Amino acid sequence: MTASTEVAWAAGLFEAEGCIYVGTTDPRRVQRRLLLITTDEDVVERFAAAVSCGSVSRRGQTAHKQAYEWRLCHWAAQVALLDAFA
C-alpha cells in the first residue's frame with residue numbers, strides 16, 4: 001500500500017473507532033487527547049505506523065481480551081493529524 005492509502009485507511013478507522021477526548025480535572029488546564037482503543041494489537045500498531053505519531057500501550061481487559069490504546073496528547077500534532085485526515 002502507498003503512504004496515502006495507509007493514511008486514508010487510518011482516517012477511516014479513526015472515524016469509525018477513534019475518540020476525541022476533552023476534559024479536565026483542573027479548571028486552569030484543559031486536556032485534549034485523540035484515542036483509538038481496540039483489542040486487535042496489529043490494528044493499533046498499523047494505525048500508529050500509518051500516522052507516524054502518538055504512542056501505543058496496553059490498556060485493561062475488555063470482555064476477557066487484552067485491549068490496546070493509541071494516544072496522541074500534543075496539541076500541534078493533533079491539529080496536524082486531523083488536517084491530514086480532512
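This note walks through the sheet, the helices and the core of a predicted model.

1. **The sheet.** Start with the strands. There are 4 of them, and they form an open sheet in the order β1-β2-β4-β3. The pairing is antiparallel. Strands of a sheet pair through backbone hydrogen bonds. At the edges lie β1 (18–26) and β3 (55–62), each pairing on one side only. From one strand to the next, the twist averages 35 degrees.

2. Look at β3 and β4. They pair in the antiparallel sense over 7 bridges. Find R58, then look across to β4: its bridge partner there is Y68.

3. **Helices on the sheet.** Helix α1 lies across β1, β2 and β4. Its direction runs at about 55 degrees to β1. Helix α2 also packs on the sheet, where it touches β2, β3 and β4. The direction of α2 makes about 15 degrees with that of β4.

4. **Where α1 meets α3.** How do the axes of α1 and α3 cross? Helix α1 spans residues 3–17 and helix α3 spans residues 75–85; their axes come within 9 Å and cross at roughly 105 degrees. Angles of 65 to 115 degrees count as roughly perpendicular, so α1 and α3 are roughly perpendicular to each other. On the α1 side, the contact is made by V7, A10, A11 and F14. On the α3 side, L82, A84 and F85 take part. The residues of this contact divide into 7 nonpolar, no polar and no charged.

5. **The core.** The largest nonpolar core has 17 residues. Those with the most contacts inside it are F47, V51, W70, L81 and F85. Which elements each supply at least two residues of this core? They are α1, β2 (29–38), α2 (41–51), β4 (65–72) and α3. The largest share, 5 residues, comes from α2. In soluble globular proteins, nonpolar side chains tend to be buried together.

6. **F47 in detail.** Set aside residues up to four places away in sequence. F47 then touches W9, A10, L13, F14, L36, W70 and F85.

7. **A50 in detail.** This residue is found in helix α2. Is A50 buried or exposed? Buried means under 20% relative accessible area; A50 has 15% relative accessibility, so A50 counts as buried. Leaving aside neighbours within four places in sequence, A50 is in contact with E6, V7 and A10. Now compare positions along the chain. A50 and A8 are 42 residues apart, yet their C-alpha atoms are separated by 9.1 Å.

Key
Residues are numbered from 1 along each chain as its sequence is written. This is a predicted model: local features need pLDDT of at least 70, side-chain atom pairs count only at pLDDT 80 or more; totals for chains, interfaces and linings use all residues. Side-chain values use heavy atoms; hydrogens and water are left out. Axes are lines fitted to C-alpha atoms, for helices over the stretch in contact, and angles run from 0 to 180 degrees between N-to-C directions. Angles under 35 degrees count as roughly parallel, over 145 as roughly antiparallel, 65 to 115 as roughly perpendicular and the rest as oblique. Contact means heavy atoms within 4.5 Å. Ala, Val, Leu, Ile, Met, Phe, Trp, Tyr, Cys and Pro count as nonpolar, Asp, Glu, Lys and Arg as charged, and the others, Gly among them, as polar. A nonpolar core is a set of buried Ala, Val, Leu, Ile, Met, Phe, Trp, Tyr and Cys residues joined through side-chain atoms within 4.5 Å. Buried means under 20% relative accessible area, exposed over 50%, partly exposed in between (1.4 Å probe, protein chains only). Two strands pair if DSSP finds at least two bridges between them.
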